[in-house]
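Trainee: I am new to this model. Please take a close look at the aromatic rings and at what surrounds them.

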Amino acid sequence: MSLLRKRRNHYDVTDTVRISHPDEVRDAVCGIIGSLYPTMDLQPLHEGFEVFTQLYAGTLPGYLGCDTWYHDAQHSMDCALAMARLLDGYERNVPAAQRLGERRTQLGILIALFHDAGYIRKSSDAAWNGAEFTLNHVRRSGEFLADFLPKVGFADAVELTRQVVHFTGYEIALDKIRVRHPKDRMLGFMLGSADIIAQTSDRCYLEKCKTYLFREFVICGMAGAGIPGGPKVMYPQVEDLLRNTPEFNRKLWEERLDGYFQGVYRYMDHHFGGSNPYVEQIDAHLRLIRRLGRSGRFDRLARRPQAIAAKELREIAGLNPPPASKKPRSEMRRAA
């Protein structure tokens, strides 16, 4: 627990990898996978991180960069790192016949890296913020991956990927996702598990729910006053979201992590050779939010997260900002 107290905001759950920095996450991921499969060609992963950085920084032609706060670049890189660790623990501890193999392993990490790419606005989109795509971002992520994967040698995995990425969302019921091969379904279980444990173990998870996730839900109509003709308002006030966090997580574990995903997160124990630091951090978060919920003292969530969106990522990666462009009228209206 002392390690968890000392952990820094922009570092992974072990406080060893700066998950706000693409090069550092890429090196950590490639180190894990290179050790697991020493003969694997890691070039697709290198290219994946390069394109990811451009996409989220707003320098990839046709895209405007990340402008969401909870679903920022750091979360996706945290997910990719968790996925690599989970795959490593699985591949090293199952019989040879059950292993996913080099190709599925590499594909899984690429999907994890881009699983939230659907939040990134295209230049042609009328939306003023990526959070407007909350309810259909997974499908959009599949579309981005369908365009990207052939460029790194995975053209044959496009249709599979369009399905597997839905293990991270709610647009399709889990039992309706069209994946036939047991190993592909297992890959989906790992992807969905990595997404959940990465975001809920973030050092500032609770503060990000309070300051960032609620803001995204307001934009998409799920929180606040709602949007005419939009989805049902689930959280009129931020306190409603925070009070529901323990129950939401209970359902995540019951229905997904320990349920449909068959507890595959436990393979993380094998990667670490003992206890699972992700689970330890999540348990600490949930104990805290339950205690604050009983007292109503949500003001005690005092950590100060910083979203790694387009501007921050350009600074980290040393990229020049894209040429200035006129704001869409819809964005100017919202800003006013």
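Mentor: A charge counts as sitting over a ring if NZ of Lys or CZ of Arg is within 6 Å of the ring centre and within 35 degrees of the ring normal. Arg256 places its charged end over the ring of Tyr170, 3.9 Å from the centre. Arg103 does likewise with Phe154, where the distance to the ring centre is 4.1 Å.

The model is predicted: local features need pLDDT of at least 70, side-chain atom pairs count only at pLDDT 80 or more, and totals for chains, interfaces and linings use all residues. Residues are numbered from 1 along each chain as its sequence is written, and side-chain values use heavy atoms, with hydrogens and water left out. The average pLDDT (the predictor's confidence in each residue, from 0 to 100) of the protein chain is 95, and 95% of the residues score at least 70. Residues 328-336 stay under 50, and the model gives them eight contacts beyond four places in sequence; contact means heavy atoms within 4.5 Å. Where pLDDT is low, the predicted coordinates should not be read in detail.

Next, the ring pairs. Rings of Phe, Tyr and Trp (its six-membered ring) pair if their centres lie within 6.5 Å; planes under 30 degrees apart are stacked, over 60 edge-to-face, and the rest tilted. The whole structure holds 13 aromatic pairs. In one of them, Tyr90 and Tyr267 have ring centres 4.9 Å apart and planes at 75 degrees, so this pair is edge-to-face. Its partners are 177 residues apart: Tyr90 belongs to helix α4 and Tyr267 to helix α11 (residues 267-272). Helices here are DSSP runs (H or I, at least four residues), numbered from the N terminus. Tyr90 is buried at 4% relative accessible area, whereas Tyr267 is partly exposed at 23%. Buried means under 20%, exposed over 50%, and partly exposed in between, with a 1.4 Å probe and protein chains only.

Helix α4, which carries Tyr90, covers residues 73-91. From first C-alpha to last, its 19 residues reach 27 Å, close to the 27 Å expected at 1.5 Å a residue; the expected span is 1.5 Å times one less than the number of residues. Of the 19 residues in α4, 19 are buried.

Other rings gather elsewhere. Phe52, Tyr56, Tyr63, Phe114, Phe144 and Phe148 make up one aromatic cluster. Two of these, Phe114 and Phe144, are also among the residues that touch the most other members of the largest nonpolar core, which has 107 residues. Such a core is a set of buried Ala, Val, Leu, Ile, Met, Phe, Trp, Tyr and Cys residues joined through side-chain atoms within 4.5 Å. Helix α4 supplies the largest share of this core, eleven residues. Leu55 is another of the members with the most partners. Beyond four places in sequence, Leu55 touches residues including Tyr63, Phe114 and Phe144, and also Leu60, Gly65, Cys66, Ala117 and Ile120.

The cluster member Tyr56 is in contact with Leu313, a residue of helix α13 (residues 310-317). Leu313 is buried, at 0% relative accessibility. Its contacts beyond four places in sequence also include Thr53, Ala57 and Ala73. By contrast, Leu313 and Glu280, 33 residues apart along the chain, have C-alpha atoms separated by 29 Å.

Methods:
Helix = DSSP H or I, 4+ residues; strand = E, 2+ residues; numbered from the N terminus.
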